[in-house]
Amino acid sequence: MNITLSKPDILEIIQQHVELKQKGARYWGLCLFHTEKTPSLMVDTERQTFICFGCGVGGDVVTFIRKLHGVDFRGALTLLGMSGKPYGPSPELQRQRELIKDYRRRLQAYEDRLCGYLRQAASANNKYGQRPM
Ligand SMILES: [Zn+2]
């Protein structure tokens with residue numbers, strides 16, 4: 001195994017699993033390793049490390065993958081494409097994400113139509129001297 005291959009960017013990898021928000025030089029997101037409502041998972045792109053201030057999990061990109069997938073060091077390297085295969089979400093996960101995106105698009109379109117309809121109805125009511133909805 002060629003372990004001189006450079007590690008993939010930690011931000012890129014974690015972003016595939018967690019929605020991260022940039023604050024200054026660091027990125028924050030909801031931790032995958034414990035349940036939380038406010039982000040305490042921090043990614044330090046300069047050091048290429050992550051740490052969760054909620055549950056204490058932290059390390060480099062290999063640690064992240066090991067914890068996430070429950071694999072050993074070699075397994076993590078394989079998943080990270082350091083054995084030649086690019087790392088990415090599984091096809092199943094990608095499919096689910098597409099479905100969610102599509103659903104959101106439809107919901108947005110529906111809401112837009114509904115808003116337009118309600119506005120129309122309200123202005124029509126006004127025209128006839130009735131109170132708006
Ligand atoms: Zn945590």
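Helices (H or I, at least four residues) and strands (E, at least two) are DSSP runs, numbered from the N terminus. In these terms, Thr45 lies in the loop between β3 and β4. The model is a predicted one, in which local features need pLDDT of at least 70 and side-chain atom pairs count only at pLDDT 80 or more, while totals for chains, interfaces and linings use all residues. Residues are numbered from 1 along each chain as its sequence is written.

The secondary structure of the chain consists of 4 helices and 5 strands. Starting at the N terminus, the order of the elements is α-β-β-β-β-β-α-α-α. A residue counts as buried if 20 or more other C-beta atoms lie within 10 Å of its own, as exposed if 12 or fewer do, and as partly exposed in between, with C-beta atoms placed from the backbone. Of the 133 residues in the chain, 14% are buried. Two residues are in contact if their C-beta atoms, placed from the backbone, lie within 7 Å. Among contacts in the chain with a separation of 6 or more, 27% are between residues 24 or more positions apart.

Strands of a sheet pair through backbone hydrogen bonds, either parallel or antiparallel. Here, two strands are taken to pair if DSSP finds at least two bridges between them. The model has an open sheet of 5 strands in the order β1-β2-β3-β4-β5, with antiparallel pairing. The edges are held by β1 (21–23) and β5, each with a single partner strand, so one side of each is left without a neighbour in the sheet.

The pairing can be followed strand by strand. β1 and β2 are antiparallel and share 3 bridges, and Lys23 stands opposite Arg26 in β2. These two strands form a hairpin with 2 residues between them, and Gly24 in the turn has a positive phi of about 65 degrees. Strand β2 (residues 26–29) is in turn joined to β3 by 4 bridges, again in the antiparallel sense. Within β3, Asp44 is the bridge partner of Arg26, and Val43 is that of Tyr27. On to β4, the antiparallel pairing of β3 and β4 extends over 4 bridges, and Val43 has Phe50 as its bridge partner in β4. The hairpin of β3 and β4 has 4 residues between the strands, and Gln48 there takes a positive phi near 60 degrees.

Thr45 is partly exposed, because 16 other C-beta atoms lie within 10 Å. Thr45 and Arg26 are 19 residues apart in sequence, and their C-alpha atoms are 6.7 Å apart in space. Apart from neighbours within four places in sequence, Thr45 is in contact with Ile10, Leu11 and Tyr27. Pro39, in the loop between β2 and β3, is also partly exposed, because 19 other C-beta atoms lie within 10 Å. From Pro39 to Leu20 the C-alpha distance is 8.8 Å, and the two are 19 residues apart in sequence. Residues up to four places away aside, Pro39 touches Trp28, Gly29 and Leu30.

In soluble globular proteins, nonpolar side chains tend to be buried together. A nonpolar core is defined as a set of buried Ala, Val, Leu, Ile, Met, Phe, Trp, Tyr and Cys residues joined through C-beta atoms within 7 Å. The largest nonpolar core of this model has 17 residues, of which Val61 and Leu80 touch the most other members. Two or more residues each come from α1 (10–15), β3 (41–44), β4 (49–52), α2 (61–69) and α3 (73–79). The element that gives the most to this core is α2, with 4 residues.

The buried residues of α2 are Val61, Val62, Phe64, Ile65 and Arg66. These buried residues are covered by elements including α1, β4, β5 (58–59) and α3. Just after α2, Gly70 has a positive phi of about 65 degrees.
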